[in-house]
Amino acid sequence: MLLDPSPDQEFFRDTTSRFLSDRVPVAEIRRLRHDPVGFRAEYWRSGAELGWTSLLAGEEAGGGSIGEHGLVDLTLVAYEFGAHAAPGPLVPTNVVADVLSRYTDAHGDTLGDLVEGSATAAWCFEEPRPGSRGATDPVEIRVEGEHVVLRGTKRPVEAAASADFLLVVGRTGDGLSQVLVPSGTPGVRIVPLKSVDVTRRYAAVDFDDVRVPITALVGVAGGAAADVERALQVGAVLACAESVGALQAAFDLTVAWAFDRYSFGRPLASYQELKHRFADMKMWLEASHAISDSAAEAVATQADDAPELVSAAKAYVGHYGGELFQDCIQIHGGIGITFEHDLHLFARRGAANRSNYGTPAEHRARIADIVEYQEANR
């Protein structure tokens, strides 16, 4: 990420990398595999002190950026999270913090808790696809006097079980609304789900006529479409940055293995077939770095082509990242499919991120819609 980072950004990234190596080495990640939360509260608070949760919040909430754009700075943290397969609700907490940073008058206290690391949040956006095995009713948000009522299910929701606050997206008539719901509110039921990523936790969240004060609305009822689109872009950008970090780690592991492993008296890396394969993998990796950086800058600057660039990045990294991980596993041979080898941790992170905030197919469809709209309005 960032071909030419500033000295401050490089120091920030290096500090994060060393912190993760010290606090959550591979042995600790494996130990946390069956932990219901997946990370320690003290670890998260220490990360917040390093700046993980403050880059998208304004100065009035204790936030601030290192470079010109906080989102670009945050991709450096996300990259290191992917490169270390690190646990913790980095993406969902920051997605919620970014939304709340535009509504500090009503939700400044919650934003302050997220920034200081004393609380975490989950963004309840995804819903089961119609016709899928887990299909349920989508979330409906109704305004009834001085209260807001939520009913329906969101799944999968990253970090829901450990979250103190749930930012819920739902339908209000023909529009979208967002409501900030404390996770302990009566009627909220969180059911853990199994995930391919053993370092993170996902859940289904049921809202059974959950009633909260109307002040829990984030923005205007039925008028949250722009905020939801922005949150989706921020989440996708951070997911891409994480995936690129995981891809880089997997590629480096595989190159080192190919030089160390001998076959018929020669290192694997000396065979021409594998040289061509590595050339393809390197091209996919560098392109993933570039397109992820471009998408992050576009969203940070609110460029006109941000939606298109985000979808292009998500589709490219999701597709070719899967190809790269598969090649890494194949080149490692038998040990590439064992749980004891570290490679699977990065492959699992990439596999989970492939569908988070939209699959490659969904983002290709978004690009097609954008192009169709542009052609129709020329």
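Trainee: In this predicted model, are glutamate 158 and arginine 200 buried or exposed?

Mentor: To read burial, one compares the relative accessible area with a cut-off, and a residue under 20% counts as buried; here glutamate 158 and arginine 200 are both buried.

Trainee: What do glutamate 158 and arginine 200 form, and how far apart are the closest N and O atoms?

Mentor: The general idea is to look for a side-chain nitrogen of Lys or Arg within 4 Å of a carboxyl oxygen of Asp or Glu. Glutamate 158 and arginine 200 form a salt bridge, with 3.7 Å between the closest N and O atoms. This pair links distant parts of the chain, since glutamate 158 belongs to strand E3 whereas arginine 200, 42 residues apart from it, sits in the loop between strand E6 (188-193) and E7.

Trainee: Which residue does aspartate 197 form a salt bridge with?

Mentor: The partner of aspartate 197 is arginine 349, and the closest N and O atoms of this salt bridge are 3.0 Å apart. Because aspartate 197 lies in the loop between E6 and E7 while arginine 349 lies in helix H10 (residues 343-355), the pair ties together parts that are 152 residues apart in sequence. Aspartate 197 and arginine 349 are both buried.

Trainee: How many salt bridges does a search of the whole structure find?

Mentor: The search finds 26. One of the pairs is aspartate 208 with arginine 151, whose closest N and O atoms are 2.8 Å apart. It also links distant parts of the chain, with aspartate 208 in strand E7 (residues 202-213) and arginine 151 in strand E3 (residues 147-158), 57 residues apart.

Trainee: Why does arginine 151 count as partly exposed?

Mentor: Partly exposed is the class between the buried limit of 20% and the exposed limit of 50%, and arginine 151 counts as partly exposed because its relative accessibility is 41%. Aspartate 208, with a relative accessible area of 49%, is partly exposed as well.

Notes:
Residues are numbered from 1 along each chain as its sequence is written. This is a predicted model: local features need pLDDT of at least 70, side-chain atom pairs count only at pLDDT 80 or more; totals for chains, interfaces and linings use all residues. Side-chain values use heavy atoms; hydrogens and water are left out. Helices (H or I, at least four residues) and strands (E, at least two) are DSSP runs, numbered from the N terminus. Buried means under 20% relative accessible area, exposed over 50%, partly exposed in between (1.4 Å probe, protein chains only).
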